[in-house]
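My notes follow, in the order I went.

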Amino acid sequence: MEIFLCFSLFHFAGISDVSQVPSVLMAVKGSSAQLNCTHKKDFTFNQMYWYRQRPGQTMTLIVFTSTASSKHDYGDSDPNKFPVIKTVPESGSLTVNNVKSDDSAIYFCSVSKHTVQ
């Protein structure tokens with residue numbers, strides 16, 4: 001029996017320079033799902049954050065990545081479960097490996113630029 005899970009990507013229509021595709025993604029249990037994020041800001045916005053919000057829960061950070069470093073900051077997240085690609089400032093992707101029921105959520109990406117204080 002195949003189980004399909006839903007990955008919703010969050011996007012503010014018309015008011016954001018950040019886009020996520022596809023907006024809804026269905027995945028078979030045990031498969032992998034790739035989520036893509038792009039932005040129209042300039043190349044200095046080279047940092048990307050990926051978040052997940054499960055139903056009834058608060059949003060949590062999965063990973064922070066940047067083109068300035070090949071090392072990604074996963075915090076408490078598993079890098080094998082959530083591999084990321086970030087090679088250019090304008091885009092990046094997050095993959096969810098071995099999809100399970102509790103991976104159904106809204107996934108958010110955001111971008112920022114490095115500032116020195």
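**Salt bridges.** I began with a count, and this predicted model has 3 salt bridges.

I took Asp103 and Arg52 up next: they form a salt bridge, with the closest N and O atoms 3.2 Å apart. Asp103 sits in the loop between β9 and β10 and Arg52 in strand β5, so this pair ties together parts 51 residues apart in sequence. I checked burial too: Asp103 is buried at 2% relative accessibility, and Arg52 is buried at 11%.

Lys81 also forms a salt bridge with Asp103, and here I noted 2.7 Å between the closest N and O atoms. Lys81 lies in the loop between β7 and β8, 22 residues from Asp103. Lys81 is buried as well.

My last pair was Arg54 with Asp102, 3.7 Å apart at the closest N and O atoms. It joins the loop between β5 and β6 to the loop between β9 and β10, 48 residues away in sequence. Buried or partly exposed, I wondered about Arg54? Arg54 is partly exposed at 23%, and Asp102 is partly exposed at 45%.

**Core.** I then turned to the largest nonpolar core, which has 21 residues; Trp50, Ile62, Val63, Leu94 and Tyr107 touch the most other members. Strand β10 gives the most to this core, 4 residues.

Notes
Residues numbered from 1 in each chain as written. Predicted model: local features only at pLDDT ≥ 70, side-chain atom pairs only at ≥ 80, totals over all residues. Heavy atoms only, no water. Core = buried A, V, L, I, M, F, W, Y, C linked by side-chain atoms within 4.5 Å. Buried < 20%, exposed > 50% of the residue type's maximum accessible area, 1.4 Å probe, protein only. Helix = DSSP H or I, 4+ residues; strand = E, 2+ residues; numbered from the N terminus. Salt bridge = Lys/Arg side-chain N within 4 Å of Asp/Glu carboxyl O.
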